[in-house]
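Please read these points with the model open beside you. They begin at the ligand and then move to the backbone and the loops.

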Amino acid sequence: MSGILAGKRVLITGVLMESSIAFHTAKLAQEQGAEIILTAFPRPTLTERIAKKLPKPVKVIELDVTNDEHLASLADVVGEELGGLDGVVHSIGFAPQDALGGNFLNTPFESVATAMHVSAYSLKSLTMACLPLMQEGGSVVGLTFDAQFAWPQYDWMGPAKAALEATSRYMARDLGKQNIRCNLISAGPIGSMAAKSIPGFSDLADVWNHRSPLEWNLADPEPAGRGVVALLSDWFPKTTGEIIHVDGGLHAVGA
Ligand SMILES: NC(=O)c1ccc[n+]([C@@H]2O[C@H](COP(=O)([O-])OP(=O)(O)OC[C@H]3O[C@@H](n4cnc5c(N)ncnc54)[C@H](O)[C@@H]3O)[C@@H](O)[C@H]2O)c1
C-alpha cells in the first residue's frame with residue numbers, strides 16, 4: 001500500500017456524520033494507506049452507519065471521553081485489533097446550550113466545566129489512554145477553532161479551545177522525549193453537527209464570506225482532514241506544540 005500514511009495505525013475519534021471533520025480524516029487516512037479504528041459517541045450504531053461510506057471496513061469502539069471505564073479499556077481493545085498505534089486523532093468538542101449563543105456572562109460553572117472536560121481535558125485523557133500503544137512514538141492531532149479572538153456566539157467554547165491549545169503545548173513538552181508529537185489544526189467554520197448546535201453559528205461563519213483571503217466553503221470538511229493527515233504523516237517529523245491554520249488564511253488578516 002502506498003500513500004503518506006502507509007503502514008501507520010491510527011485511532012480516530014469524532015466520526016458522527018459525513019459532515020464530521022473526522023469522517024474526511026478517516027477517508028483520507030485510508031486512501032493514504034493507514035489502518036484505522038474509530039471511536040464512537042454517543043452510540044456506535046450511528047458511527048457504524050457512516051463508517052460504511054469509508055473506502056474500507058473499520059472497527060468501531062464506543063468511547064465517551066469523560067468515562068473513565070471506557071478510557072481504561074481502550075488500549076486493550078485497540079491493541080487486540082491493531083497491535084499498536086502510530087497516530088491518534090482528537091476530533092471532539094461539546095458545550096451545553098447555556099454555554100453558547102450569546103449567554104457568556106450568565107453561564108453557570110457546571111456548564112463551563114462540562115465544556116472544558118469534553119473539549120480540552122479529554123486531549124490529555126485520550127492520549128494517556130492510548131500511550132501504552134505508542135511505545136515507538138507517534139503523532140497526536142486535535143482540532144481547534146482559533147482561540148486568540150472572542151468570536152460572536154462561540155462563548156465558552158472559546159475558553160475551552162484556549163485550554164485545548166495550551167494543553168496541546170504542554171503535552172508536546174511532556175511527550176517529546178517519547179518521540180510523540182502533539183499538534184492542532186485550527187479549522188475555519190464547517191457546517192457539522194457540532195457547529196449547528198451553536199445558536200447563531202451562521203453569523204460567525206459569515207465572517208469568512210467577507211474576510212477570508214481564500215474562498216471558504218462551509219460545506220467542505222476535507223481541507224481540515226487533509227491537514228490532520230499531513231500532521232499524522234512523517235512529513236512534519238520535527239513539528240510539535242504547533243497549531244496549523246486551515247482557515248482560508250483568515251487568521252492572518254486584520255480586516
Ligand atoms: N465545525 C467547525 O466549524 C469547527 C471549526 C474548527 C474546529 N472544529 C472542531 O473540530 C472537531 C470536530 O467537530 P466537527 O465540526 O467535525 O463536528 P462533529 O459534530 O461532527 O464532531 C464532534 C464530535 O465530538 C464527539 N463528542 C462529543 N462529546 C463527546 C464525548 N463525551 N466523548 C467522545 N466524543 C464526543 C461527537 O460524537 C462528535 O463526533 C471539534 O473539536 C470541533 O470543535 C470544528
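1. Basis. This is a predicted model, with residues numbered from 1 along each chain as its sequence is written. Local features need pLDDT of at least 70, side-chain atom pairs count only at pLDDT 80 or more, totals for chains, interfaces and linings use all residues, and side-chain values use heavy atoms, with hydrogens and water left out.

2. Ligand shell. Which residues are closest to the ligand? They are S20, F41, K161, I190 and S192, out of 26 residues that surround the ligand. A residue counts as near if one of its heavy atoms lies within 4 Å. The shell divides into 17 nonpolar, seven polar and two charged residues. Here Ala, Val, Leu, Ile, Met, Phe, Trp, Tyr, Cys and Pro are nonpolar; Asp, Glu, Lys and Arg are charged; the others, Gly among them, are polar.

3. Polar contacts. A polar contact is a pair of N or O atoms within 3.5 Å; within protein, one must be able to donate a hydrogen and the other to accept it, and residues adjacent in sequence count only if both atoms are side-chain atoms. The side chain of K161 places an N or O atom 2.8 Å from a ligand oxygen. A backbone N or O atom of A194 is 2.9 Å from an oxygen of the ligand. For G14, a polar backbone atom is 3.0 Å from a ligand oxygen. The ligand taken alone exposes 820 Å², and the protein buries 94% of that. Accessible areas come from the Shrake-Rupley method with a 1.4 Å probe; for residues, only the protein chains shown count as cover.

4. Elements at the site. Two elements give two or more residues to the shell: β5 (138–144) and α6 (193–196). Of these, α6 gives the most, with three residues. Helices (H or I, at least four residues) and strands (E, at least two) are DSSP runs, numbered from the N terminus.

5. Cis peptide. Look at the bond between F41 and P42. It is cis, with omega about 0°. P42 sits in the loop between β2 (35–40) and α2 (44–51). F41 is also among the residues closest to the ligand.

6. Positive phi. Q153 is not a glycine, yet its phi is positive, about 70°. Q153 lies in the loop between β5 and α5 (157–175). N179, also a residue other than glycine, has a positive phi near 60°. N179 is in the loop between α5 and β6 (180–187). Is each buried or exposed? Q153 counts as buried because its relative accessibility is 19%. N179 is partly exposed because its value is 48%. Buried means under 20% relative accessible area, exposed over 50%, and partly exposed in between (1.4 Å probe, protein chains only).

7. Q148. This residue is in the loop between β5 and α5. Q148 is exposed because its relative accessible area is 57%.

8. L63 and V60. L63 is in the loop between β3 (60–62) and α3 (68–82). L63 is buried because its relative accessible area is 4%. V60 lies in strand β3. V60 counts as buried because its relative accessibility is 13%. V60 and L11 are 49 residues apart along the chain, and their C-alpha atoms are separated by 10.0 Å.
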